[in-house]
Amino acid sequence: WVRRDLHSPVELIAPTVTSNTLYYAYAFDSAGVTTLEVSTTAHVSATQHGVRVKSGDETRTLVGAAFAGTAGAFTDSVAARMTASWFNRPGKQLRVTSASVYQTSQTEYVEPDVNLRGQFITWGEDLDATLGGGDIRNDTAGGFIFVALGAGSGTTLNQVCDGAGGGQSAGAGTRFFYVAKAATSFSEGTGYLTVMFRVNTGNGVLSASSAPERAVISARLNI
């Protein structure tokens, strides 16, 4: 293995990819030139040195990952962190803000809007996240509304981070500013955080129609 110091960006222009697919980025030597490729083939530890390499081809060293979204485009935004570095991870802030009003009469947790999802790539690590906002209420006497963070892998909801600081409630007619916190684990791949809410009875309202009452998901990603 040879360490190579690079003083200019190494680019991979318009690779052929399939939409809605996770790709790993590998670096390799091509006649003395550091070159990149993307592949759906997973990475493993190299036989002798423990460096992460492409399974079945130790000439390819893992350097990152990216998710090919709509039309095969690789994108990265504050609400969808869909590219990740393996080495020298700078860390990225994930943040999703809502400006809508949501209602539910469901006694089991439901997701009010899939557009509230904060999406990301993870290397399979624990993640600390917060959900903050204001003006939740239940319009029925004796009714409560509960708000919590939901966590999913791929497109599948895996858990609702309720209790132990993960859920907040407000009684009938009460306007309540809520903060929910959660620590959850993800497998390597793509994941998301979202807002979940439910009631014990009656009609619950989560209003995020104006600042500072917006529902905000925030997390720091090690990617």
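## Salt bridges and a pocket

Asp-139 is partly exposed, with 49% of relative accessible area. Its side chain meets that of Arg-137 in a salt bridge, at 3.3 Å from N to O. Keep in mind that what you're looking at is a predicted model.

| Salt bridge | N to O distance |
|---|---|
| Asp-76 and Arg-81 | 2.7 Å |
| Arg-117 and Glu-111 | 2.8 Å |

Now take the Asp-76 and Arg-81 pair. Are these partners buried or exposed? Arg-81 has a relative accessibility of 15%, so this residue counts as buried. Asp-76 comes in at 34%, so this one counts as partly exposed. Over in the pair with Arg-117, Glu-111 is partly exposed too, at 24% relative accessible area.

Salt bridges can also link up into a group: Glu-37, Lys-54, Asp-57 and Arg-60 form a network of them.

Next, have a look at the second largest pocket, which holds about 280 Å³ of space. Strands S1 (21-30), S2 (33-39), S5 (57-68) and S8 (83-85) each give two or more residues to its lining. S5 provides the largest share, with 4 residues. In total, 16 residues line this pocket, and those nearest its centre are Ala-25, Ala-65, Ala-66, Thr-83 and Ala-84. What kinds of residues make up the lining? There are 11 nonpolar, 3 polar and 2 charged ones.

Terms used
Residues are numbered from 1 along each chain as its sequence is written. This is a predicted model: local features need pLDDT of at least 70, side-chain atom pairs count only at pLDDT 80 or more; totals for chains, interfaces and linings use all residues. Side-chain values use heavy atoms; hydrogens and water are left out. A salt bridge is a side-chain nitrogen of Lys or Arg within 4 Å of a carboxyl oxygen of Asp or Glu. Buried means under 20% relative accessible area, exposed over 50%, partly exposed in between (1.4 Å probe, protein chains only). On a 1 Å grid over the protein atoms alone, a cavity is a set of points where a 1.4 Å probe fits but cannot get out, and a pocket is an open set with protein on both sides within 12 Å along at least five of seven lines; lining residues have an atom within 4 Å of a point. Grid points are joined across faces, edges and corners, and a volume is the space filled by probe spheres set on the points. Ala, Val, Leu, Ile, Met, Phe, Trp, Tyr, Cys and Pro count as nonpolar, Asp, Glu, Lys and Arg as charged, and the others, Gly among them, as polar.
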